[in-house]
Amino acid sequence: MDYRKAAEERKSIREFTDKQIPENIREDLMEYGKNCLKLIPELETEFIITDGAKYNYLEEFAGYEGLTFKAPYYLILLSAKKQGYLENAGYISEDMILHMTDMGIDSCWLTVNEGEALKQQLGLDTDMAVVAVTALGYGKKQRTLTTLHIKSKSDVEIRTREGHVAPKITLEEMVYGDTWHKPADLGEMYVDDGLRNALLAASYAPTFLNRQSFRLVMTDGKLLFVKILDPLTDEVDAKLNCGAVMLNFAAVLEERRPFMPQWVLGAPDINYQLPADCEIVAYCNL
């Protein structure tokens, strides 16, 4: 799979046709899920596909800003609850979503509001938690849509866009250098095409309400993942966001490097001055 291409082509689809995904493709998807990329390989996880008939069960406990989009299928991720399990859930769910994109299957993240209640509604007999739900199927034909770009509760921008392309930030806005808010030098002398593509893929990753409440910092030979406190994004969604962004970066960079870059949860021993509302949640060596 070309991760760079899949990351760019992935779109959040909220209107699906009734077309069914063939059984053999669903089986291939579940097989891929057993061996998909993980942030924490030793953490026990499991994917389940349920059909659209479960929509009524999902509607009360999973959604996006209170909306659960009707779809032919829903991909449910179960995970053991250990340190880093939500970041890991975002990481492997994004890998699955990009794999589906490569297979021509459309999708949309759904926030899990009441994981334990949802598990009971679905009749899942497991000690693992429901940590992520993704609607999937074949999207309706793209059309011109009016969307809300929510910066804060008092700053809502109305945009008209073609298709399902979500607003994203530029690399200059996303990647900082040795000083916070100072754009990193991304010139050819310092950044090769592989690293640039990986950073672009990170900017394409899905985040809650497209808020992109994170920044990447290039300093001392490392890339720091910095989470920014966002009043509209709760802690669970923020951690899922982190995982999705880290997957996009690592998977695309691995296509140009001999080894997969390894994200380490936590902050390195670097004296980097951050604003009070920011936190280093992970880093990797460049």
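This is a predicted model: local features need pLDDT of at least 70, side-chain atom pairs count only at pLDDT 80 or more; totals for chains, interfaces and linings use all residues.
**Nonpolar cores**
- The largest nonpolar core has 63 residues.
- The members that touch the most other members are Met 174, Leu 199, Met 218, Phe 225, Phe 249 and Trp 263.
- Helix H8 (residues 235–254) supplies the largest share of this core, with 10 residues.
- Another core, of 24 residues, lies apart from the largest one, and its members include Phe 69, Tyr 74, Leu 118 and Val 130.
- Leaving aside residues up to four places away in sequence, Leu 199 touches Leu 171, Met 174, Val 175, Leu 186, Leu 216, Met 218, Leu 223 and Phe 249.

**Aromatic pairs**
- The structure holds 4 aromatic pairs.
- Phe 214 and Phe 225 form a stacked pair, because their ring centres are 5.4 Å apart and their planes stand at 15°, where stacked requires under 30 degrees.
- This pair links distant parts of the chain, with Phe 214 in strand E9 (residues 214–219) and Phe 225 in strand E10 (residues 222–228), 11 residues apart.
- Phe 214 is buried at a relative accessible area of 4%, and Phe 225 is buried at 1% relative accessibility.
- Phe 249 and Trp 263 form an edge-to-face pair, because their ring centres are 5.7 Å apart and their planes stand at 65°, where edge-to-face requires over 60 degrees.
- Phe 249 belongs to helix H8 and Trp 263 to the loop between H8 and E11, so this pair ties together parts that are 14 residues apart in sequence.
- Phe 249 counts as buried at 1% relative accessibility, and Trp 263 is buried with a relative accessible area of 7%.
- One aromatic cluster is formed by Phe 214, Phe 225, Phe 249 and Trp 263.

**Charge over a ring**
- The charged end of Lys 19 sits over the ring of Tyr 138, at 4.5 Å from the ring centre.

**Open sheet**
- Five strands form an open sheet with antiparallel pairing, in the order E1-E3-E5-E4-E2.
- Strand E1 (45–51) and strand E2 (62–63) stand at the edges with a single partner strand each, so one side of each has no neighbour in the sheet.
- E2 pairs with strand E4 (residues 106–112) in the antiparallel sense, over 2 bridges.
- The bridge partner of Ala 62 in E4 is Val 112.

**Cysteines**
- A disulfide is a covalent bond between the sulfur atoms of two cysteines.
- The count of disulfides in this model is 0.
- Cys 36 counts as buried at 7% relative accessibility.
- Cys 108 also counts as buried, at 2% relative accessibility.

**Pro 275**
- Pro 275 is found in the loop between strand E11 (264–265) and strand E12 (278–285).
- Which distances separate Pro 275 and Trp 180 in sequence and in space? The two residues are 95 residues apart in sequence and 8.2 Å apart in space, taken from C-alpha to C-alpha.

How values were computed: Residues are numbered from 1 along each chain as its sequence is written. Side-chain values use heavy atoms; hydrogens and water are left out. A nonpolar core is a set of buried Ala, Val, Leu, Ile, Met, Phe, Trp, Tyr and Cys residues joined through side-chain atoms within 4.5 Å. Buried means under 20% relative accessible area, exposed over 50%, partly exposed in between (1.4 Å probe, protein chains only). Helices (H or I, at least four residues) and strands (E, at least two) are DSSP runs, numbered from the N terminus. Contact means heavy atoms within 4.5 Å. A disulfide is a pair of cysteine sulfur atoms within 2.5 Å. Rings of Phe, Tyr and Trp (its six-membered ring) pair if their centres lie within 6.5 Å; planes under 30 degrees apart count as stacked, over 60 as edge-to-face and the rest as tilted. A charge sits over a ring if NZ of Lys or CZ of Arg is within 6 Å of the ring centre and within 35 degrees of the ring normal. Two strands pair if DSSP finds at least two bridges between them.
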